[in-house]
Amino acid sequence: MASYRAVMSPNEFVELLGDKESRVEAIRQLMGGVDARELRRAVVAEDVFQALVRGTRNESSVVRWWSVQLLDHCPDERAYRAVEPLLDDPVDRVRRNAVHALGCRGCKPAVAAGLDSTVIEKLKSVAVSDPNPKVRHEAAAALLRPDL
Ligand SMILES: [Zn+2]
């Protein structure tokens, strides 16, 4: 699949995140690696970044989940803005992953800046009001991190 990059666009690879069979190769094509160590050093091209942002609005919750997952590795403040609306996603596990990505520094050590206050307020409301206890717990845990 190495030569597919020439004929397939980042948007098409993002679509493939919804397909179990193709997902690993799609991640490799988008991010240049698949394991945690590789992803921590990932340099995300602008067209890939834009495709992942669009992926957060995909009709498939699997694609939205993976788009959040990969945006978690983008050392770019715009990634937070793209992920924030998914705190209101109808699917529990998508909201939970959005909370993780917003609270996480481990996946993107290059980002030093904390979250802006509106996102922190939103996380506080998720921690109290989200209908799913796992999502509330994840938000509460994120808010306890000293570097947030
Ligand atoms: Zn993370």
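Visitor: Where is Ala 101 found?
Guide: In this predicted model, Ala 101 lies in helix H7.

Visitor: Is Ala 101 buried or exposed, and why?
Guide: Ala 101 counts as buried because 25 C-beta neighbours fall inside 10 Å, and the cut-off for that label is 20 or more.

Visitor: What is Ala 101 in contact with, leaving aside neighbours within four places in sequence?
Guide: With those neighbours set aside, Ala 101 is in contact with Val 68, Leu 71, Asp 72 and Val 83. As for Val 83, 18 residues away from Ala 101 along the chain, the C-alpha atoms of the two are separated by 7.5 Å.

Visitor: OK, and which residues of H7 are buried?
Guide: The helix is mostly covered, with 10 of its 12 residues buried, and these are Val 94, Arg 95, Arg 96, Asn 97, Ala 98, Val 99, His 100, Ala 101, Leu 102 and Gly 103. The buried residues of H7 pack against H5, H6, H8 and H9.

Visitor: What should the 12 residues of H7 span?
Guide: At 1.5 Å a residue they should span 16 Å, and the C-alpha atoms at the ends of H7 are 17 Å apart, which agrees.

Visitor: Let's take the partners, then. At what angle do H5 and H7 pack?
Guide: The angle is about 10 degrees, and the axes of H5 and H7 are 9 Å apart. That makes H5 roughly parallel to H7, because angles under 35 degrees are classed that way.

Visitor: Which residues of H5 and H7 meet?
Guide: On the H5 side they are Ser 61, Arg 64, Trp 65, Val 68, Gln 69 and Leu 71, which meet Arg 93, Val 94, Asn 97, Ala 98 and Ala 101 in H7. By class, this contact between H5 and H7 comprises six nonpolar, three polar and two charged residues.

Visitor: And H9, at what angle do the axes of H7 and H9 cross?
Guide: They cross at roughly 5 degrees and come within 9 Å, which makes H7 roughly parallel to H9. Here Asp 92, Arg 95, Arg 96, Val 99, His 100, Leu 102 and Gly 103 in H7 meet Lys 134, Val 135, Glu 138, Ala 139 and Ala 142 in H9. The contact of H7 with H9 divides into five nonpolar, two polar and five charged residues.

Visitor: What does Val 99 touch, not counting residues up to four places away?
Guide: With that exclusion, Val 99 touches Val 135, Glu 138, Ala 139 and Ala 142, and also Leu 87, Leu 123 and Val 126.

Visitor: Changing topic: which residues touch the most other members of the largest nonpolar core?
Guide: Those are Val 68, Leu 71, Val 83, Ala 98 and Val 99, out of 36 residues in that core. The elements that give two or more residues to this core include H5 (61-71) and H7 (92-103), and H5 gives the most, with six residues.

Visitor: How many residues of H5 are buried?
Guide: Eight of its 11 residues are buried, so that H5 is mostly covered. They are Val 63, Arg 64, Trp 65, Trp 66, Ser 67, Val 68, Leu 70 and Leu 71, and the buried residues of H5 pack against H1, H2, H4, H6 and H7.

Visitor: Last one, on the whole protein: how many helices and strands are there?
Guide: The protein has nine helices and zero strands, and of its 148 residues 34% count as buried. Among contacts with a separation of 6 or more, 58% join residues 24 or more positions apart.

How values were computed: Residues numbered from 1 in each chain as written. Predicted model: local features only at pLDDT ≥ 70, side-chain atom pairs only at ≥ 80, totals over all residues. Core = buried A, V, L, I, M, F, W, Y, C linked by C-beta atoms within 7 Å. Helix = DSSP H or I, 4+ residues; strand = E, 2+ residues; numbered from the N terminus. Contact = placed C-beta atoms within 7 Å. Axes fitted to C-alpha atoms, helices over the stretch in contact; angles between N-to-C directions. Parallel < 35°, antiparallel > 145°, perpendicular 65-115°, else oblique. Nonpolar A, V, L, I, M, F, W, Y, C, P; charged D, E, K, R; others polar. Expected span 1.5 Å × (residues − 1).
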